[in-house]
Every structure is written in structure tokens, then in C-alpha cells.
Amino acid sequence: MTTPLLQVEDMRIALAGAGASHNAVEEVSFEIGRGEAFGLVGESGCGKSITALAVMGLLRRPLSLAGGRIVLDGEEIQGASAAEMRRLRGSRIGMIFQEPMTALNPLSPVGRQIAEMFVLHQGASWNEAMDRAEESLRQVQVPSPERRIRDYPHQLSGGMRQRVMIAIALACEPELLIADEPTTALDVTVQAEIIDLMRELCAAKGTAILMISHDLGLVANMCRRVAVMYAGRIVEAQAAGEIFATPRHPYTQGLIDSLPRLGERARRGRQRLREISGVVPTIAAYPSGCRFNPRCSAVSDVCRATAPEITALPAGGLVRCHHHG
Amino acid sequence: MAEQLLELRDLAVHFTVGSALRGGVKTLKAVDGVTLDVKPGECLGLVGESGCGKSTLALAIMGLVPPTSGQVSLNGQSLAARERMETARTVQMVFQDPYASLNPRQTVRRTLADPLRLHGVTGKSELADRVMDMMAKVGLRPDHADRYPHEFSGGQRQRIGIARALILRPKLVICDEPVSALDVSIRAQIINLLLELKDEMGLAYIMISHDLGVVEHVSDRVAVMYLGRIVEQGGWQEIFENPRHPYTRALIAAIPDPFHRADALVARSKAHGEIPSALNPPPGCPFNPRCPMKADRCTRERPLLEAVSPGHIAACHFREQAVG
């Protein structure tokens, strides 16, 4: 068996607070194969974004990596120095964030920001790098790249800025692209275009994707496998097609049932939406036992007493629930 | 003729931007010739992407921006001729971001009691009763009354926002993206609550949202806006099951579909590129640069909003043409 591109094993991220330290993320393990698109879904505060930051070595106080292994292409990177991580980021791991306006440098033309990648990571000359930057802009389907290359970020629309971010992230043909809510700030029609573009470019170059989003539908559409996080833990992981058809964790089930799905009203009439009661717990007040138990409709005594272990499903996939059967 | 609660007649809201000294004055047509009706107790869904004029339209209905031309009428009475206070008792608004739209220094009790006081409810026991009654209606506990907004979760804050909008017993509530700032697992609670309150209090809603699933779920009729104009309007079933404007189809096609139901049709319906600037709209049909069905005629001639079937109108030269 070939080694996966990225392995995260039993990762724990600590959040240092006043006097106390809490685990914002714990027992998080997943693997991403070469060229595979993997999605991490969850609500705000579930730990999905800091999981991505940890993989990139970008955790800053009060967050810190408190345990576990992160293995990129057979090599442990969790203990790598800041300089080593800087070399990895950009060349082997590319990143796209939610808000391209804050991720881009407002004082530098976008062409230069793309070209910088070739200069810093591949030792290209600025002249050569600018030519390649223009080519990169063409690949992300920015119209008239020869002019756009001199534009500053504020001169571009949100969708165009996100295309520039993709061009930067993919400039050095990284093996892994981490996309944290890449389309949340965009309109729906533009979102559809950006998702198609990411999918095409990564398929063409064999780039693996770690996609992070709150939108289960979007992730299931884009990724081969999906993991659902709740309150700092992965509660379920399945193939994208399976997770909608046969969700095994009550939280996943609840998320799928609670959103009105297009066409549903025409098929079945207006049904009252199934609610997930209660609210997402805060990190300092994670309930004991299963963290979903105060909101779960199938809760029993064992759920309140002991945290469920992660269990492999016969058809592939994982679930963390006492009653998944 | 059915009594209309809200009537918009050829409403336009234009802004001037720029200055004569720097590049000249331009007119931004945020809302440009919108005609709409809302009946009592009806829910009208309003969809469109950012910059299409949905929020400006909402502000014009609230009387918060003056219309450049055209008319807004409530209960058959022109908004311009009505007392502002009276309008406030008829139309209220629920905002997207409950964090930003509540006064952080006011308790829930004060947030709810102030509008009542302003509108002449001064009896202590009546004030207290109406505040408690409203809190119970939106699912807040009595002991929440003396708490401040920061002590609540996002979903609860939106409940406060809804209570504030409903405390004056309005007839029409404009909900501007009421769930998009909330956690996914909380949205169903708020949508269910809005629908229950609508039945209970006989409210009419204008539901502004970019989430078509939500709009389909709650709306009786739907209007689709693009660059300041309505491009399609009809019953929810017509809009979602038989959309006649390519932009409506593009919006539907843009929704990620995990089941890959109709890939080929979806691929044919997708819009290309981005919304043009409202400062410089394209000639002819404003959707033509992005439209998969674009023909020569579309770049010359602006299509009129015409009927496809009774109650279903679309502004497209090819509204009768079958797709797929």
C-alpha cells in the first residue's frame, strides 16, 4: 500500500485560557491520499479551521499543538522549525482562505504577489516569474491577464480575488491544497464557478484538497470523503455519496434533516423542519460523555457517562456514537 | 380587487455617486422600476445576489430611503402621506446579524419595552405583560428579560431580534437574511419559529435570502431580482419547478447538489462571470453577458416583464422556450 499524502494521527490542540487549558481539538485523525479531495465539515467553533492551521504549522498562542502526529508524505512535520514550515507552505502545501481581501496584500499588484511564489520557492528571476504569473492568471480564467497582472486587489471583484488566491496557492504545484471556506464570502453563482475551477485545476495537476466548510452539501459535492466535526472531535467520516444517503451519527442526520432542501416542498409538501435542539457548547463547557448528548434525540445513560470510541463501519467509514447500529 | 397590504408601483431608488471634479457624477440605479404586491398574511420570497438591490428595496419599503420615483403604499395609503410612527406599527424588520442589530447596553426587557413606550403604551402592568408575552412567543424564558445581548447565543439573539420586530404587532415583517449569520444547526429553529409566528399573528413576510432552499420552504410567491429589477416573479412552485428566466435557472443550478441529480441540465444553466456593476449596466438585457442562452437580440433590446402564465411573469426574450 502506498503511503497517504497527509496523515493526521490523534491530534490534540490546546487552548490556554486564564488559569486553565482546554482541548479545543482532540482525537482527530484522518488521512488524505494523493490527489484526493477530503472535506472537513462542522459549525463555527467545532475546531475545523484550527485543525487546518495546525497542519500548516500556523497555530499561534493561545492555541498550540499538544499532541499527535502530522505526517506529510511519510515525513513528520509537527516538530518542524518555523523556517522548514515556511518552505513547505507555498511549495508543497497551498492555502486559500475565506476572505481574499484580507489574505492578499493591498499594497502590491496581484501579479507580483503570484510571481513572488516562483522567486521565493523556485529561485526564478523576477522577469521570468512575472511571465509565469501571467500564465497562472490565465489558468484561473481571469480575463485579459496581461492587464490584470498590474491590478491591485481592490480593483478586482470578490470572485476575481479568490481566483488570484487560487493562482498563488497553486503556483508551485503543491501536493496539497488547503481551502478554508473558500467560497463563503462569494455569491452563489460565483461560488459554483470557483468550485468548478478548483476541482478542474486540482484534478489536472493531481493536487489533493483539504476542504473546510460549514456547508455539507458543498463539501459532499466536491470531495470524495467527508468527515464531520462536532465540538472538537470527528464524529463521523464516510464517502461523500454515503454520508447523505446513510448518515450514521445523529448530529450528521440532524444537519441533513434540518435544512430545507430544494425540491423537497414540491415532492412532499411543506413539512416542519426537524430541529436540533439546544446550542453548540463552548470549549470551556464541553459536556462529559458524548459531546452531542444534551442535543441528541437518541440519548441514553451510557452517552452521558462515557465518551464513545470511534468505530469502523462495515461499509467503510467511521462513526463516534454508542447507538450507531 | 383583493386588498393589498403593500403595493410598490414602478419604484426606483437612484443614488448619485462620484463628484463633478473627479471623473464626473454617475447614477447608481439600485432599484429601477419595481412593481410588487404583498397581500396580508402572505410570504413573498425575494432572491438575488449581492448588489442586486434587495436591501435597498427593503429600506425603501421601511421609508428609510426616499424613492427617486414611483410609489410605496401600505394599506392603500402612500408611504409619503403616512405618519412615520404609523408606518413603524405596520412594517418592521428582522436583520441578518443579531450581534450588530441589538443595543449591547440594553437588556432584553428594555429593547422590547422601548418601542411600546414610544408608541404610547405607558401602563406598567400592560408593558410588562406585553414584553413577557412576546418573549414567550419567541421561546425566551422570563428570566432572560434582564440579561444583555452578549449573554445570549446567536440563535437566542435572533429570537430577541424577532421579538423586537413583532412587539408592535406589525402586519408586514421584512426578514433580511434572517438565518444566514446563524450556525447551521440553529437555522431550522428560527425558520420554524418564523413560520409559526406568521400563522399565529397573521403576518405577511418579505423573506430576503440567497438560500433558495429556505426561500422555497417559506414563500408563497417569489420574486427574483437582478441589477435593480425584477426579472421573474411567480408562485413558489412555478419559480422552482418551472423557472422561465435563465438567471433563476442559474441560481438554482449553482446550489451544490450532493446527489448529482441532473448534471447535464445544471451544466447548461450555469451563469458565467460576475454581476456587472450597477453603475454601468450592459445594454439590452442586463443578464446577457452571463447568459447561456444569449442571442443577438438580447444585446440590443431589453426584454419586458411579461406573463408566461397567469401570475407568473419573466423578463426574457426566450421565456416560452423549453430548456433541457
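Biologist: What do the buried residues of α4(A) pack against?

Modeller: Start with the general idea: an α-helix has 3.6 residues a turn, so residues three or four places apart point the same way. In this predicted model, the buried residues of α4(A) pack against α2 (82-91), α5 (126-139), α6 (145-148) and α7 of chain A.

Biologist: Which residues of α4(A) are buried?

Modeller: They are A:V110, A:G111, A:Q113, A:I114, A:A115, A:M117 and A:F118. The helix itself covers residues 110-122, 13 residues in total, and reaches 19 Å from its first C-alpha to its last, close to the 18 Å expected at 1.5 Å a residue. Just after α4(A) comes A:G123, with a positive phi of about 65 degrees.

Biologist: Thanks! How many residues does the largest nonpolar core have, and which have the most contacts inside it?

Modeller: In soluble globular proteins, nonpolar side chains tend to be buried together. Here the largest nonpolar core has 181 residues, and those with the most contacts inside it are A:I114, A:L210, B:A163, B:I174 and B:I206. Helix α7 (residues 158-170) of chain A contributes the largest share of this core, 8 residues.

Biologist: Which strands does β4(B) pair with?

Modeller: One is β1 (residues 6-19) of chain B, which pairs with β4 (residues 69-74) in the antiparallel sense over 5 bridges; there B:E7 stands opposite B:S73. Another is β5 (residues 77-78) of chain B, antiparallel to β4(B) over 2 bridges, with B:L74 opposite B:Q77. The hairpin of β4(B) and β5(B) has 2 residues between the strands, and B:N75 takes a positive phi near 50 degrees there.

Biologist: Now the contact between the chains. How many residues does each give?

Modeller: Chain A gives 34 residues and chain B gives 34 residues. On the chain A side, α8(A) gives the most, with 5 residues. The residues on that side divide into 16 nonpolar, 10 polar and 8 charged.

Biologist: Why does A:E264 count as partly exposed?

Modeller: A:E264, found in helix α12 of chain A, counts as partly exposed because it has 16 C-beta neighbours inside 10 Å, and a residue is buried only at 20 or more and exposed at 12 or fewer.

Biologist: Last one: how does the radius of gyration of chain B sit beside the globule rule?

Modeller: Chain B comes to 11 helices and 12 strands. Its radius of gyration is 21 Å, close to the 20 Å that the globule rule gives for 324 residues, so chain B is as compact as a globular protein of that length. Along its principal axes the C-alpha trace of chain B spans about 70 × 50 × 45 Å, and buried residues make up 45% of its 324 residues.

Notes
Residues numbered from 1 in each chain as written. Chains lettered and ligands numbered in written order. Predicted model: local features only at pLDDT ≥ 70, side-chain atom pairs only at ≥ 80, totals over all residues. Core = buried A, V, L, I, M, F, W, Y, C linked by C-beta atoms within 7 Å. Helix = DSSP H or I, 4+ residues; strand = E, 2+ residues; numbered from the N terminus. Contact = placed C-beta atoms within 7 Å. Nonpolar A, V, L, I, M, F, W, Y, C, P; charged D, E, K, R; others polar. Expected span 1.5 Å × (residues − 1). Pairing = 2+ DSSP bridges. Rg over C-alpha atoms; globule rule 2.2 N^0.38 Å.
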